[in-house]
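The sequence and the structure are shown first.

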Amino acid sequence: MKKPIATLAVLAALAPALAPAAENHGLPGGHGAMHAGAAQSTLVDGLVKKIDKAGGKLSIAHGALPNGMPAMTMAYKVKDPAWLDQLKSGQKIRFAFDERNGVFTVVRLEMLK
Ligand SMILES: [Cu+2]
C-alpha cells in the first residue's frame, strides 16, 4: 500500500514544475514572443524616437496593438536605408514590419503630418 502513495506524491510534486514548461513550449519568451504572429502587412501608428543611420536602424515608439503587443519603444531595421534620411525624431509614422529570427524590419513606411 505504501508504493502507490509514494508514486502519487512524486507525480504531484512534478506536476507544477512541468505545467509552465509545457505552456511555454516553442515560445522562448521576451520581446520576440510578444510579436509572434503579428500581422505583418497591417500598418500601425508609431512615433520616431531615434535614427541610427550608421546602423540602418530606427527606434519607434508604438502603442498597444490588437495582437496583444504592449506599448513600447523598440529598434527596427529598415528595408530601405534612404528612409532614414527623410525621417526626424518626433516624426509620426504609420508602418508595417516583418520579423525574421528575432530581427524586426520596417517594410512599409508612411509619414504623417
Ligand atoms: Cu514592439
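## Strand pairing in the barrel

Arginine 94 stands opposite glutamate 110 in β5. On the other side of the pairing scheme, aspartate 45 stands opposite arginine 94 in β4. The model is a predicted one, in which local features need pLDDT of at least 70, side-chain atom pairs count only at pLDDT 80 or more, and totals for chains, interfaces and linings use all residues. Residues are numbered from 1 along each chain as its sequence is written.

The protein contains three helices and five strands, where helices (H or I, at least four residues) and strands (E, at least two) are DSSP runs numbered from the N terminus. Their order from the N terminus is α-α-β-β-β-α-β-β. The five strands form a closed barrel in the order β1-β2-β3-β5-β4, with mixed pairing; two strands pair if DSSP finds at least two bridges between them. Neighbouring strands of this sheet are turned by 55° against each other on average, direction ignored; the axes are lines fitted to C-alpha atoms, for helices over the stretch in contact, and angles run from 0 to 180 degrees between N-to-C directions.

| Strands | Sense | Bridges |
|---|---|---|
| β1 (residues 44–52) and β4 | antiparallel | four bridges |
| β1 and β2 | antiparallel | six bridges |
| β3 and β5 | parallel | two bridges |
| β4 and β5 | antiparallel | eight bridges |

Individual residues mark these pairings. Glycine 46 stands opposite isoleucine 93 in β4, while the bridge partner of leucine 47 in β2 is alanine 61. For valine 78, the bridge partner in β5 is valine 106.

## Hairpins

Two hairpins can be described. The hairpin of β1 and β2 has four residues between the strands, and glycine 56 there takes a positive phi near 65°. The hairpin of β4 and β5 has two residues between its strands, with asparagine 101 in the turn. Asparagine 101 has a phi near 50°, a positive value in a residue other than glycine. Asparagine 101 counts as exposed because 5 C-beta neighbours lie inside 10 Å; a residue is buried if 20 or more other C-beta atoms lie within 10 Å of its own, exposed if 12 or fewer, and partly exposed in between, with C-beta atoms placed from the backbone.

## The nonpolar core

The largest nonpolar core has 11 residues: Val48, Leu58, Ile60, Tyr76, Val78, Ile93, Phe95, Phe97, Phe104, Val106 and Leu109. Strands β2, β3 (72–78), β4 (92–100) and β5 (103–111) each supply at least two residues of this core. Such a core is a set of buried Ala, Val, Leu, Ile, Met, Phe, Trp, Tyr and Cys residues joined through C-beta atoms within 7 Å.

Isoleucine 60, a member of this core, lies in strand β2 (residues 57–62). Isoleucine 60 is buried because 25 other C-beta atoms lie within 10 Å. Leaving aside residues up to four places away in sequence, isoleucine 60 touches Gly46, Leu47, Val48, Lys49, Thr73, Met74, Tyr76 and Phe95; two residues are in contact if their C-beta atoms, placed from the backbone, lie within 7 Å. The C-alpha atoms of isoleucine 60 and glutamine 91, 31 residues apart along the chain, are separated by 9.7 Å.

Valine 48 is another core residue. With residues up to four places away in sequence again not counted, the contacts of valine 48 are Leu58, Ile60, Leu87, Lys88, Ser89, Gly90, Gln91 and Ile93.

Alanine 75 belongs to strand β3 and is partly exposed, with 14 other C-beta atoms within 10 Å. Beyond four places in sequence, alanine 75 touches Lys57, Leu58 and Ser59. The C-alpha atoms of alanine 75 and valine 103, 28 residues apart along the chain, are separated by 9.3 Å.

## Whole-chain values and confidence

Buried residues make up 11% of the 113 residues in the protein. Among contacts with a separation of 6 or more, 49% are accounted for by residues 24 or more positions apart.

The average pLDDT is 78, and 62% of the residues score at least 70; pLDDT is the predictor's confidence in each residue, from 0 to 100. Over residues 18–28 the pLDDT stays under 50, and for this stretch the model has four contacts beyond four places in sequence.
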